[in-house]
Amino acid sequence: MTIVTSSPGLVVPTDEQLLGRHATGDRASLEVLFLRYRSVAYRVAYRLLGNEADALDAVQESFIKVLSNLDHFQRRSSFKTWLLRIVSNAALDIGRTRGRREIVTQQAIYQEAQHERSCSEPSAEVERADLRRLLDEALATLPEPQRKTFVLHVDGELSYREVAEVLGISIGTVMSRLYYARQKLRGYLAQRMKL
Amino acid sequence: MTDPLRPPTPRPELLAAYIDGELDPATAARVEAWLLTDPHACELLDEQYLLSRSHREFWRAVSPPEPSTARWNHLFNQIDKRLQQPPASPAQPLPCRHTPPPTPARRWSFTTSVSLAIALALLVIVTTWRQQRPERDLLPLQSPLAIPVVETFAVLSESEIEINSVHAQDGSALVVGDSVLRQPLVLANIHDFALDSMQCDEDGLLPNVPMSNGSMRPMILAPMDSVRD
């Protein structure tokens, strides 16, 4: 896979240009788009699903869906917000189908933590895995609309306005959901970290 | 007593959005005006600032484990492969044997036969049911009850609703309290019970049904035509 890096003098193609090239059959443009957005898409999917395999499935399905339906992309929002809308929906669909969040979360997180421990990684990594587990547990306590809003803002790095676009809600609702999500997460984490 | 010259206290979520730099200039100016006039404003601002910053830092410090390069490459190849596949063509109708359209006489004969069969089956079912039904002294309903037209309303459990804030003027429209259906909902069909008497509740909306243990339970009515014998 070709790694594209920006350097002085190199003109980085916009998403629009890449999408245009992809439409004419240029495979390299697909690679660039994938490299550009795979991490953010994966982070959102992972936070909503809690394990790598399901998150990668959601990313794969979303890229395929987005790129094979480009004629439905109305360009009113950016490619990133459109992609993340599909990713978050796909992740929640997968979560519902596989019954992950409520049932499998604890098991998957436990397995992941065990795996990380067994790989005899440095203690900082183990600590990080424990923290990740704690965050996942905290996220699971949020109602789905708050969880989705929070993840799109923090992990998807979307502004309030972009989150509102993705979810089809008002900015005021985004504000409220984020505020109450943070309060709830703070309460949960404060309680757990004391233990 | 509130000072009319002082700008109204912004909601905390507005303050959080201000810290996140997400407010439009006019709203941000309104928040700033409040910050200048309220002595406690800085404390609240600091609290929101710390919460916002610590959340962001904390969250990003424990970002999900990145898949290996091999997994990313595999994923990309899968996507590429799927995108190169030709789109599925719309399903073609299966070839079928050509059969001539039925003549009017044949169509009439077929329709009559089917109607007769259905009527016969219904007759058998009704006769059998009447023979098997235990005799009961059913009190006929004295008069058709006037059922008021009630707007459809949603009944939600506590876990299904999340109220973040309510405008003061909407407060009176919000119904909060115990569910009407405090007990598990029991669904019955018309053959499971005999309706001896019925009376409206205090609001005249949901009819209450006296139960065998003496208590009264609300009942959701089907159209009256289906209840009558």
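1. Helices here are DSSP runs of H or I with at least four residues and strands are E runs of at least two, both numbered from the N terminus. On that basis chain B holds 6 helices and 3 strands, and along its sequence they follow the order α-α-α-α-α-β-β-β-α. The model is a predicted one, in which local features need pLDDT of at least 70 and side-chain atom pairs count only at pLDDT 80 or more, while totals for chains, interfaces and linings use all residues. Residues are numbered from 1 along each chain as its sequence is written, with chains lettered from A and ligands numbered from 1 in the order in which they are written.

2. A residue is buried if 20 or more other C-beta atoms, placed from the backbone, lie within 10 Å of its own, exposed if 12 or fewer do, and partly exposed in between. Of the 229 residues of chain B, 6% count as buried. Two residues are in contact if their C-beta atoms, again placed from the backbone, lie within 7 Å. Among the contacts in chain B with a separation of 6 or more, 51% join residues 24 or more positions apart.

3. Arg30(B) has 16 other C-beta atoms within 10 Å, so it is partly exposed. Its C-alpha atom lies 8.5 Å from that of Pro10(B), 20 residues away along the chain.

4. Now the interface: 32 residues of chain A are in contact with 28 residues of chain B. On the chain A side, the elements giving two or more residues are α2 (27-49), α3 (52-68), α6 (123-140) and α9 (171-194). That side divides into 18 nonpolar, 4 polar and 10 charged residues, where Ala, Val, Leu, Ile, Met, Phe, Trp, Tyr, Cys and Pro count as nonpolar, Asp, Glu, Lys and Arg as charged, and the others, Gly among them, as polar.

5. The largest nonpolar core has 51 residues, of which Ala41(A), Val44(A), Ala45(A), Val59(A) and Val87(A) touch the most other members. Such a core is a set of buried Ala, Val, Leu, Ile, Met, Phe, Trp, Tyr and Cys residues joined through C-beta atoms within 7 Å. At least two residues each come from α2, α3, α4 (79-98), α6, α7 (144-154), α8 (160-167) and α9 of chain A, together with α1 (12-19) of chain B. With 11 residues, α2(A) gives the most to this core. Beyond its neighbours within four places in sequence, Val44(A) has contacts that include Leu84(A), Val87(A), Ala91(A), Val151(A) and Leu152(A).

6. Helix α7(A) is mostly covered, with 9 of its 11 residues buried. Among them are Arg147(A), Lys148(A), Phe150(A) and His153(A).

7. Helices α4(A) and α8(A) pack at an angle of about 50°, their axes 9 Å apart. Thr81(A), Leu84(A) and Arg85(A) in α4(A) meet Glu162(A), Glu165(A) and Val166(A) in α8(A). The residues of this contact comprise 2 nonpolar, 1 polar and 3 charged. Axes are lines fitted to C-alpha atoms, for helices over the stretch in contact, with angles from 0 to 180 degrees between N-to-C directions.

8. One backbone detail to look at: Glu157(A) has a positive phi of about 55° although it is not a glycine. Most residues other than glycine have a negative phi. Glu157(A) sits in the loop between α7 and α8 of chain A, and it counts as partly exposed because it has 14 C-beta neighbours inside 10 Å.
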